[in-house]
Amino acid sequence: MGSDNGAQPRQRLLYIHAQTPNPLSAVLEMTIYEPVAGYKVELTAEEPEFRYATVHEALVDGWQIVQFPLHQAEYDDDQIDMVGYEFILQKMEVVDG
Amino acid sequence: MSTAVSAAPAAAETSTGQKQCTLAPYLLDDLEVVNFIVNGYHVVKPDLRPGVNEAVAARLDAMERNPGDAICEEVPELNEVLDHPAVRGALVSLAGKNFETMFHRHWHCKEPGTPYMHWHQDGKNRRDMGMDKFLGLYYPADVTADMGPTIIVPATQYRNAPTDRMRTYGNIRGQVPLVVEAGTFAITHYDLWHGTAANKSAKRRHMVKFLFSRTAPNESATWKHDGECMNRLRDWNLREQAADPFNQLTFANPLNVSQSDSYKERAIRRDIWEQLTGEPLR
């Protein structure tokens, strides 16, 4: 992301699905949403390469958690639903585009 | 417990009305069935009569409208695919001796320039904790990585996951793109998470989807089953690294999910194995 003197910072979003609610656990899925007009995310045939191996690595790189995995929902010890635990992180930066 | 190879139907009638030779050589083995229970998919590469794949692809390319459920009337060579003993042998192994080929089928044509399709499970969220409903995905022409292949996520078939909640997932570690050769027939559990990549090539990507269902509970295993396969001495230290049915059923964790989810998956898999074989696990 390049800087643009005088421009306002924008919210970069990082969704991570981690193995457990612990920020040190392994990343299973990771998607960045850049605050740039027309930005798209897509599924690809290539093996994904993630920028961070854990949520903690993203914190070290300056991302901030804005939503932790929710545990208030009723817990079912037989059924399984989503893959991993969802962390949503942000980084406020001036971005081009 | 006896060691036996299950008998296949001696002369099943095919959809083209032909009597078919024994399926025994084409039945799956214990490890292949376990791998399906764990991962939710199995890929068949039937040795179809020369020209069948090309004929199907040519008819699809010439099609001016999608005939929906009538695709087999418009493309009769598809019946040869469904009747191939390698396809039927896999389906008997997974869906039972009297599996049903359901009425619904659909030609999925991914045109050049078509965007990706997001993760989803077909149907509503009343998921099957058994192994009773299946998708068959037939690809009559080669599918390369840039042609918008189907992408599946192994071991997601027992997850009761509303499709809308999958919209925050991008690429998942362990996902499998079905980059396949012409003639490939992939069988998946109906509830397996799947999507597609974008078609960035200049070619159309064809896939014809079929549905299959179990019509009755198994009375015994319907594949090449060794009744002692779960009872042999095993190296506990190898866990999922060992390619034997017990270790795979118990320890495989294709997506590296949490201990809690892994334990629940293990219980579901063991229940399914017992349902399919009629044999209690120790």
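So, the contact between the chains: 23 residues come from chain A and 30 residues from chain B, where contact means C-beta atoms, placed from the backbone, within 7 Å. On the side of chain A that touches chain B, strands E1 (10–18) and E2 (27–33) each supply at least two residues.

Quick housekeeping. This is a predicted model, with local features needing pLDDT of at least 70 and side-chain atom pairs counting only at pLDDT 80 or more, while totals for chains, interfaces and linings use all residues. Residues are numbered from 1 along each chain as its sequence is written, and chains are lettered from A in the order in which they are written.

Now the largest nonpolar core, with 83 residues. A core here is a set of buried Ala, Val, Leu, Ile, Met, Phe, Trp, Tyr and Cys residues joined through C-beta atoms within 7 Å, and buried means 20 or more other C-beta atoms within 10 Å of a residue's own. Touching the most other members are A:Ile16, B:Ile37, B:Leu91, B:Leu94 and B:Ile187. Helix H5 (residues 85–95) of chain B gives the most to this core, six residues; helices are DSSP runs of H or I, at least four residues, and strands are E runs of at least two. Beyond four places in sequence, B:Ile187 contacts residues including B:Tyr41, B:Leu91, B:Leu94 and B:Phe134.

Last, helix H2 (residues 52–62) of chain B. Its buried residues are B:Asn53, B:Val56 and B:Leu60. They span an arc of only 65 degrees around the axis, so they sit on the same side of H2(B).

Notes: Buried ≥ 20, exposed ≤ 12 C-beta atoms within 10 Å, placed from the backbone. Arc of directions from axis to C-beta. Contact = placed C-beta atoms within 7 Å.
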